[in-house]
Amino acid sequence: MYVAVKGGERAIDNAHAWLAEERRGDTSVPELTVAQIREQMALAVNRVMAEGSLYDPDLAALAIKQARGDLIEAIFLIRAYRTTLPRFGGSTAIDTENMSCDRRISATFKDAPGGQVLGPTFDYTHRLLDFKLAADGEATDVPVDTPNQDTTPHIMSFLDQEQLIQSEPAGDDTPPDLTRTPLELPATRALRLQSLTRGDEGFILGMAYSTQRGYARNHAFVAELRIGTVPVEMEIPELGFAIDVGEITVTECETVNQFQGSKTQPPQFTRGYGLVFGMTERKAISMALVDRALRWKELGEDNLGAPAQDEEFVLYHSDNIQATGFLEHIKLPHYVDFQSELELIRKLRCEAQANLTQEAAE
Amino acid sequence: MQAQLLEGGFADLPVDASHTFRAVMTAMARPGDIMDVAGAKPPSPLSTACGAVLLTLCDPDTPIYLGTSHNTPEVRDWITFHTGAPFSDVENATFAIGTWQALPLSEFAIGTPEYPDRSATLIVETADLSNAGTTLKGPGIKDQAQLSLPEQQAFQANAALFPLGLDFIFTSGNRLAALPRTTKVS
Amino acid sequence: MSDYNFAYLDEQTKRMIRRAILKGLAIPGYQVPFASREMPMPYGWGTGGVQVSAAVLTPEDTLKVIDQGADDTTNAVSIRRFFEKTAGVQVTEATTDASVIQTRHRIPEQDLRADQILVYQVPIPEPLRFLEPSEVETRKMHSLEEYGLMHVKLYEDISQHGDIATAYAYPVKVEGRYVMDPSPIPKFDNPKLEMAGIQLFGAGREQRIYAIPPYTQVVSLDFDDYPFQASKADHACDLCGAKDSYLDELIVDDQGGRVFMCSDTDYCSTRRAQGHVGAQGSPIQEDAA
């Protein structure tokens with residue numbers, strides 16, 4: 001008896017086995033360890049943590065290994081794991097002023113308290129392939145200095161003192177959680193920022209770039225970009241005070257944007273904000289630009305019809321796990337629907353042909 | 001007292017909750033069908049069925065309004081311990097518990113035109129639950145069904161609000177039935 | 001997998017989904033927002049259906065999973081295995097033996113009984129989405145019962161093609177109120193949406209759940225002069241001879257030879273086991289080898 005595509009179970013088992021073999025590659029080459037990925041592919045690990053919304057470098061490294069280096073697949077693994085974790089509570093807001101900075105630059109001031117700290121950046125490297133890395137890759141001698149223990153004030157605070165920039169008062173409200181409640185529009189800024197920080201780096205970058213090229217241009221200066229570690233604290237009700245539960249590396253970008261004002265209100269600069277897990281400055285800067293573009297309504301600006309101003313467009317399409325799943329689902333069988341279309345188009349063509357024949361005859 | 005408070009929850013939460021939910025879902029999908037539930041032993045005056053429904057559907061995300069008939073310290077403590085649900089005023093309640101007389105119908109949330117689901121579900125404790133009395137028609141009912149409702153007029157008024165409106169679960173001992181806003185009573 | 005909760009989802013998530021299902025049943029055809037969880041399978045591959053099934057299943061249930069009407073398509077196999085592992089439920093390919101059926105793109109040919117639950121996987125739950133991309137706008141249209149856009153679209157089809165050019169995911173109006181997307185089932189299946197079983201629809205990526213209680217009025221949108229027609233290929237099944245089932249069309253040779261067979265594999269094999277034989281019932285295997 002003729003039966004199409006039987007044997008789905010066996011096909012899946014064989015595909016999984018083959019995948020495992022391909023993942024390992026040539027067995028005469030030593031296997032990568034999770035620690036190697038964590039230490040030497042740190043920026044990939046950072047991206048997986050940021051878009052996976054789970055700060056765990058070891059798990060992110062494992063996910064990258066399991067995903068054969070496909071970062072979106074790795075992010076997916078982390079998200080699916082994250083969703084099964086119990087939630088013990090919320091931390092207090094991290095204080096980036098107390099960041100121990102590895103990198104801190106401002107484009108708006110030549111110098112500022114705390115100084116310009118270039119840090120470990122690709123910025124002024126010449127993008128020439130380093131063939132020595134192919135041979136050994138041993139670390140070169142690195143000059144060592146004592147770390148700066150002082151707090152580094154935010155550049156924005158200096159503008160704030162003069163009231164040159166629109167202030168963002170702190171609130172005590174617990175922001176809604178994008179991963180626990182369905183997205184409802186219009187979204188609050190807290191929700192938008194949550195969506196942007198876990199959004200696809202490429203998508204957010206493209207959106208940000210479009211604002212620079214004139215689609216809702218908001219003229220951003222990077223007032224400050226800082227990367228470093230901050231303590232994470234949690235209030236324990238039984239203790240009555242907050243305790244340190246760990247330390248995370250984050251990248252924070254604050255932009256100063258074109259000013260607002262009217263006859264009654266003196267002009268003020270406006271803000272865009274980006275905060276992302278890990279050393280992820282491309283993402284953090286992009287996030288700040290898109291955040292600023294999405295704020296048109298609350299800042300009384302015109303809707304220019306630009307994609308980056310459309311919160312529904314940005315928020316519904318920034319998540320690469322949603323996007324890749326839906327995109328790739330079209331490779332699943334759709335033959336039942338196609339069959340239905342096939343019959344319809346045959347019928348429509350038949351009717352059209354009959355009409356033409358009839359017209360020709362008349 | 002303390003020991004009593006800790007008792008009466010589901011012995012096997014995922015399994016007991018799955019059974020209770022199937023019963024509630026069937027009741028809501030088939031107005032007039034009376035279902036048996038088990039597994040909860042709540043303090044009086046909560047019925048077994050009402051207790052099981054609470055354990056299955058309520059948690060810190062669902063503010064509960066307790067009608068005067070059920071607003072006792074024992075009931076409050078039991079619900080708090082077993083579900084973590086907060087208690088609320090009438091307007092903000094997701095669920096309400098009480099006898100028919102104890103629930104101020106007109107004050108509960110009936111949803112909004114864009115979100116008609118944001119309406120309260122009332123768990124009405126009744127002494128008697130049987131397939132007699134009021135005639136029910138509408139979605140979930142093949143031709144018609146009968147259910148012992150406390151009255152008719154309130155349910156007719158509620159159905160007239162559709163797609164807004166309240167949804168009801170009636171509990172009695174270890175039995176329950178339901179009446180969604182779509183049901184027409186006569 | 002034994003470290004995971006019964007049916008994978010944690011109890012708080014199940015409660016949230018269960019509350020959404022109850023509101024969905026109380027407001028037939030209305031899309032209830034729910035906080036869809038990230039599942040260990042991709043969005044667009046049935047995460048909504050899987051979450052609904054996980055919230056509905058009891059340990060005593062017998063589960064059937066179909067994709068395109070078939071139990072043995074790879075994604076159906078994958079989802080069935082997921083629940084075998086995480087919920088330990090019995091599984092079956094026989095429609096009559098199943099208490100819960102999760103489906104993608106088909107309604108089984110066999111009429112469902114009152115004690116059966118059909119769970120649909122839904123890609124785009126919003127029937128107005130392709131006419132109006134904004135969720136804010138479509139939500140407003142549903143609230144105002146403003147469905148003119150949909151009728152305009154169907155009417156434009158008729159003026160352009162002489163017929164309504166929608167073959168699947170054909171929109172319906174539920175209980176005279178909400179216009180609903182029945183998921184991408186062929187319009188052949190639309191009349192079956194009025195049934196004895198409970199129908200639940202889950203859209204994971206789009207975070208929506210909706211439902212049709214038993215015996216609820218479900219009307220496919222049409223016009224008096226262009227009434228809705230449930231169509232299928234004008235053939236009988238070449239394997240079992242059924243004339244009343246939806247058919248897949250298979251190309252079987254380089255000359256474009258065709259074979260038609262039931263898309264509902266259980267329906268077809270049940271009929272064959274009863275002795276029904278289609279035009280090419282047995283000889284095909286030798287030819288195709």
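**Figure 1. The lining of the largest cavity in this predicted model holds five nonpolar, 10 polar and two charged residues.** Ala, Val, Leu, Ile, Met, Phe, Trp, Tyr, Cys and Pro count as nonpolar, Asp, Glu, Lys and Arg as charged, and the others, Gly among them, as polar. The cavity has a volume of about 130 Å³. Its lining is made up of 17 residues. Nearest the centre lie Gly44(C), Trp45(C), Gly46(C), Val122(C) and Pro123(C). Helix H2 (47-56) and strand E8 (198-203) of chain C each supply at least two lining residues. H2(C) gives the largest share, three residues. Helices (H or I, at least four residues) and strands (E, at least two) are DSSP runs, numbered from the N terminus. A cavity is a set of points on a 1 Å grid over the protein atoms alone where a 1.4 Å probe fits but cannot get out, and lining residues have an atom within 4 Å of a point. Grid points are joined across faces, edges and corners, and a volume is the space filled by probe spheres set on the points. The model is predicted: local features need pLDDT of at least 70, side-chain atom pairs count only at pLDDT 80 or more, and totals for chains, interfaces and linings use all residues. Residues are numbered from 1 along each chain as its sequence is written, chains are lettered from A and ligands numbered from 1 in the order in which they are written, and side-chain values use heavy atoms, with hydrogens and water left out.

**Figure 2. The second largest cavity has a volume of about 100 Å³.** Glu114(B) is one of its lining residues. Chain C residues in the lining include Tyr30(C), Glu135(C), Arg139(C), His142(C) and Tyr178(C). H4 and strand E7 (178-180) of chain C each supply at least two residues. The largest share, three residues, comes from H4(C). By class, the lining divides into three nonpolar, three polar and four charged residues. Over the whole structure, the search finds three cavities of 30 Å³ or more.

**Figure 3. The second largest pocket has a volume of about 1700 Å³.** A pocket is an open set of grid points with protein on both sides within 12 Å along at least five of seven lines. The pocket is lined by 36 residues. Closest to its centre are His16(A), Leu19(A), Glu73(A), Pro40(C) and Pro42(C). Helices H1 (8-24), H5 (71-82) and H12 (320-328) of chain A, together with H3 of chain C, each supply at least two lining residues. H1(A) gives the largest share, seven residues. The lining divides into 21 nonpolar, seven polar and eight charged residues.

**Figure 4. Chain C meets chain A through 73 residues of chain C and 48 of chain A.** Contact means heavy atoms within 4.5 Å. About 4900 Å² is buried between the two chains, and carbon and sulfur atoms give 55% of this area. Glu38(C), Asp72(C) and Arg81(C) supply 13% of the area that chain C buries against chain A, more than any other three residues. Buried area is the accessible area (1.4 Å probe) that two parts lose on being put together, summed over both.

**Figure 5. Polar contacts and salt bridges cross the interface of chain C and chain A.** The rule finds seven salt bridges there. A salt bridge is a side-chain nitrogen of Lys or Arg within 4 Å of a carboxyl oxygen of Asp or Glu. One of them joins Glu38(C) and Arg79(A), at 2.4 Å from N to O. On the side of chain C that touches chain A, H3(C) gives the most, with six residues. By class, this side has 34 nonpolar, 19 polar and 20 charged residues.

Figure 6. Glu168(A) forms a salt bridge with Arg189(A), the closest N and O atoms being 3.5 Å apart. A cis peptide bond joins Leu185(A) and Pro186(A), with omega about -5 degrees.

Notes:
A polar contact is a pair of N or O atoms within 3.5 Å; within protein, one must be able to donate a hydrogen and the other to accept it, and residues adjacent in sequence count only if both atoms are side-chain atoms.
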